[in-house]
Amino acid sequence: MMNSKSLRTLIGYTIFSAAVLLLPLLIDDAYTLNKFSRYLILGLATLGLSLAWGYTGILNLGHAAFFGLGAYCMAMYLKLQTVPVHTGTGGLPDFMVWNNVEQLPWFWEPFHWSYLAITAGIGIPVLLAVMLGWFVFRARIAGVFVAIITLAMLVIINLLLIDQQRYTGGFNGITDLAWLTIGGIEFDPYSKTFYYLSAGSLVVCLLGTGIFTHTKAGLILQAIRNDPDRVRFLGYDVSAYQILAFALSAGIAGLAGMLYAMVLEFASPTFVGVSLSLSMVIWCAVGGRGSLLAATLGAILVNAAQGSLSENFLETWQLILGGFFVLIVLFLPKGLISIGELIRWRRKRTDRVQVQVLSSTKRARGIS
Amino acid sequence: MEVFISQIFTGLSIASILLLVALGLAIIYGSMGVINLAHGEFVMLGAYATWFLQQYAGIGLIPSLVLVFLMVGSIGWVIERGIVRHLYHRPLDTILATWGIGIMLQQLVRLTAGAELRYVELPESLSRSVDLLGINFSVYRLFILLVTGLLILLTWLLLMRTEYGTKLRAITQNREMAECSGIDSQRIFGLTFAFGAGLAGVAGSLVAPIKSVSPDMGTHYVVDAFMVVVLGGVGSVAGTAAASGILGEVTAGMAYLLNDTLAKVIVFIAVVMLIRFRPQGLFSQLVRK
């Protein structure tokens, strides 16, 4: 069965996917292509956030933690692939040599294998999300406290990454990475191959989550956002669904993080920073937290706008962006996507007011 | 023994700064339910105001405290009237809006005062150190402790012994009933936000001479301050004070045994555990919802 809303959503998804996949036909410049891949990847991360926040009502201020963990997993693998260029004689990454580490730590060992590393890049964020979700949602913690706990988790991971300089590269993070090569295909971040990898991941995730939100489980997630108690009274295990949404969201963020480390060719603690994490929330809210596509577009648009500005204007841009964001929260809580809705609503309201005026004049006449 | 005493003192001095920053936040969150992520930026504004007054008007640190309180307080009032008051029925959105405000304030300062670090000088009388019981204490740290104590006392008196405080407590308990009794909750909320912002401003002025002053300094404070508020429990000045004392001492102790970063990590984990098992905080009184 297809109503007009689902039809519109389907058309939106199709146009977006086609546009994203056909873009390289128009662009030939490697640098621009690399920039666009980066925007798409940030869009992918925001898509994940929208699933947890917009759909299930989990305001996760620590989304960048999952993103950053994915990025570090990929960076660890790609660093070990540079042997022996950026490593010491023992196959140790350069920063470990500088920090007098003599043997590769045990948790680095699995990152010699690409499939293990990729599994870890998605699996570790998912595992963390399940554990944290179990810890938090089983106790029926909601709202502001979820925001504070996720923020604390983010800060903890960030501090640990900086503190364990011997194993994580500290402030500088893991730099000078190799290119990912899988099955003989080399993903040079400035190539069309890499663009298709990021665009493909985004389209697959978007369609996948889009379908998921239209299943029964997806509907329950939205019901939980609107009123968890009622869903509980109907006999559903609310926390299980919350954990599911949280884990999916974390997995998508992990995937985006892996791609991000590849496109920028490094991973640093700023990927797990409070600023990036809250920026993702901003992008999501600007586009429209209640729609997966709108949230993704929000991230892409804000970043594309930011990327097209000159260095000198960047500071003023941040100021404008902050103001713009405050206005959106105040007047368009559903994001830019709801502009049409707002205009329609206004029009309907003026119509109604006119009808009321008409009827009251009639009544006044009748009395007189 | 000497190590022990100086450790306690270090802890107290961390605690006093935490408390200074958290006090305003606790009042705003406790009474209005607003998660104010721009709070760190109020601290930053206070630090810059102090630097500005010293640099261009030649006003010393101590006299500028009152001026800074009024300046940052009025900025807070304008923000509450202009933006925050529209969001009382959407508490989670206050997190987003105040973060946006924070970005704006940061950028405004960066554009006007520059991104480089600024330094605030201490008056002669405070930059010395004294020997007590054979241990060296910095006079300025003692001064901060003293001012923090005074501010706590003032806040407590304001909340418990004035008409304004009574009205605010009435609104916190039941806004509709308070309004029915003729209390103008809009006005009280405006003043409360201004008061919280002003306290953050004073905190900024006091930390300016010992920490570096930069446009993004606020971000470091706001998360820590939230941990204090959560630990202390909502709506209790004494709880906030006790929580910052605990956090300060534990951080100092852990930092002595391990290092600063790990100390912070452990403290944060402990606070997360606490939210899980006792979300009302350690010291909150029973409130009927």
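**A tour of the cavities and a helix crossing**

About 50 Å³ of space lies in the largest cavity (a set of points on a 1 Å grid over the protein atoms alone where a 1.4 Å probe fits but cannot get out, lined by residues with an atom within 4 Å of a point; volume is the space filled by probe spheres set on the points). This is a predicted model, with pLDDT of at least 70 needed for local features and 80 or more for side-chain atom pairs, while totals for chains, interfaces and linings use all residues. Residues count from 1 along each chain as its sequence is written, and chains are lettered from A in the order written.

Start by selecting A:Leu61, A:Ala147, A:Ile148, A:Leu151, B:Ile35, B:Leu37, B:Ile95 and B:Phe226, which line that cavity. Colour them by class and you get eight nonpolar, no polar and no charged (Ala, Val, Leu, Ile, Met, Phe, Trp, Tyr, Cys and Pro are nonpolar, Asp, Glu, Lys and Arg charged, the others, Gly among them, polar). Helix 6 (residues 144-163) of chain A gives the largest share, three residues.

Next, hop to the second largest cavity, about 40 Å³. Its lining includes A:Ile58, A:Gly133, A:Thr150 and A:Phe246. Here helix 5 of chain A gives the largest share, four residues.

Last stop: show helix 1 (residues 2-32) and helix 10 (residues 237-257) of chain B, whose axes come within 7 Å and cross at roughly 140°.

Definitions and conventions:
Heavy atoms only, no water. Axes fitted to C-alpha atoms, helices over the stretch in contact; angles between N-to-C directions. Helix = DSSP H or I, 4+ residues; strand = E, 2+ residues; numbered from the N terminus. 1 Å grid on protein atoms, 1.4 Å probe; cavity = no way out; pocket = protein on both sides within 12 Å on 5 of 7 lines; lining within 4 Å.
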